[in-house]
Amino acid sequence: MSNTLSEQLGEFLAGWMQRVPAERRAVMERHIAHLSDVGLGRLAKQVGEQAPQITLPGVDGKPFDVSTLLAKGPVVVTFYRGGWCPYCNLELRAYQNLLPKIRAAGASLVAISPEKPDDTVTTAEKNALTFPVLSDVGQIVGKAFGLVYTFTDELKWAYDAFGLDIPAKNGAPDEWSLPLSATYVIGMNGVILFADTGVDYRRRAEPLEVLAVLQRSAQAAE
C-alpha cells in the first residue's frame with residue numbers, strides 16, 4: 001500500500017478514471033474548473049484570519065464545542081464531504097494513523113461533514129476513528145468558513161448517476177451543496193495557522209505536512 005495520502009488518492013483516481021463513463025468524468029472536471037474560476041478556495045477563510053466558532057453534534061448527538069480543545073492546544077479541522085466519498089475515507093484513515101503524533105505535538109483533531117449524525121456514526125465506526133467526528137447539518141459552520149458550493153444542474157445529474165442523493169444524505173431537503181474538502185490548523189487564540197482550501201476534492205492536504213505545521217508551532221511555543 002502507498003505510504004502517503006497523496007499516493008493513495010492518486011491510485012484511487014487512476015482506477016476511477018477507468019471505471020467511470022467519459023461524460024460523467026467531464027462533468028466533474030468542468031465543475032472543478034468552475035470552482036477554480038470563481039475563486040471559491042481563495043474566498044474561504046485563510047491563514048491569519050480568525051476561525052469561526054465550531055459547536056456541532058458529535059457521534060453521540062450531543063453538542064461538541066471545539067473551543068474546549070483549543071484551550072489545550074492547536075486543533076486540526078478537516079472538512080470531508082461524507083462517508084460515501086472514497087477520497088474522504090482515505091483521508092480520515094490517514095489522519096487516524098497519524099493521530100498519536102498529532103497528540104504528541106500537543107494538538108487535537110476533528111473532522112466535520114454535512115451528513116446527518118447517524119451517518120457520521122457510521123463513518124466513524126467504518127474507519128475506526130478515535131477523534132471527534134462532527135455533523136454540520138445545514139452547513140452552518142461550512143458556510144461560516146466560506147467553503148460551501150451549490151451544485152449545477154449537470155452536477156446533480158452526475159451525482160444522480162452515481163446513485164447519490166446529496167440532500168437526503170445531508171438531511172437538508174432540496175439543498176444540493178457540499179463543502180470544499182478543506183483542512184485547517186487553528187491556533188489556541190483562534191487564528192488560522194494553516195489552510196488548504198483547494199477546489200479539487202480528489203486532492204487533499206498531506207497529513208504529514210499538517211503534522212509539520214503542528215510540530216513547528218509546538219517548538220515556537222517552547
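Biologist: Which residues line the largest pocket?

Modeller: Asn 3, Thr 4, Leu 5, Gln 8, Ala 94, Asn 97, Leu 98, Lys 101, Glu 206, Pro 207 and Leu 208 line the largest pocket. A pocket is an open set of 1 Å grid points over the protein atoms alone, with protein on both sides within 12 Å along at least five of seven lines; lining residues have an atom within 4 Å of a point. The model is predicted: local features need pLDDT of at least 70, side-chain atom pairs need 80 or more, and totals for chains, interfaces and linings use all residues. Residues are numbered from 1 along each chain as its sequence is written, and side-chain values use heavy atoms, without hydrogens and water.

Biologist: How do I read the pair H1 and H5?

Modeller: Two packed helices are described by the angle between their axes and the distance between the axes. Here H1 (residues 5–19) and H5 (residues 86–104) have axes that come within 10 Å and cross at roughly 160 degrees. H1 is therefore roughly antiparallel to H5 (over 145 degrees).

Biologist: Which residues meet in that pair?

Modeller: From H1 come Leu 5, Gln 8, Leu 9, Phe 12, Leu 13 and Trp 16. From H5 come Pro 86, Tyr 87, Leu 90, Glu 91 and Ala 94. Contact means heavy atoms within 4.5 Å.

Biologist: How many cavities of 30 Å³ or more does the structure hold?

Modeller: The structure holds two. In a cavity, a 1.4 Å probe fits but cannot get out. The largest cavity holds about 60 Å³ of space. Its lining residues are Met 28, His 31, Ile 32, Leu 35, Arg 81, Tyr 149, Leu 155, Tyr 159, Val 199 and Tyr 201. Helix H2 (22–38) gives the most, four residues. Helix H8 (153–161) supplies at least two.

Biologist: What lines the second largest cavity?

Modeller: Arg 81, Tyr 149, Pro 179, Leu 180, Ser 181, Gly 198, Val 199, Asp 200 and Tyr 201 line the second largest cavity. Its volume is about 30 Å³. Arg 81 and Tyr 149 are also among the residues lining the largest cavity.

Note on methods. Axes fitted to C-alpha atoms, helices over the stretch in contact; angles between N-to-C directions. Parallel < 35°, antiparallel > 145°, perpendicular 65-115°, else oblique. Points joined across faces, edges and corners; volume = space filled by probe spheres on them.
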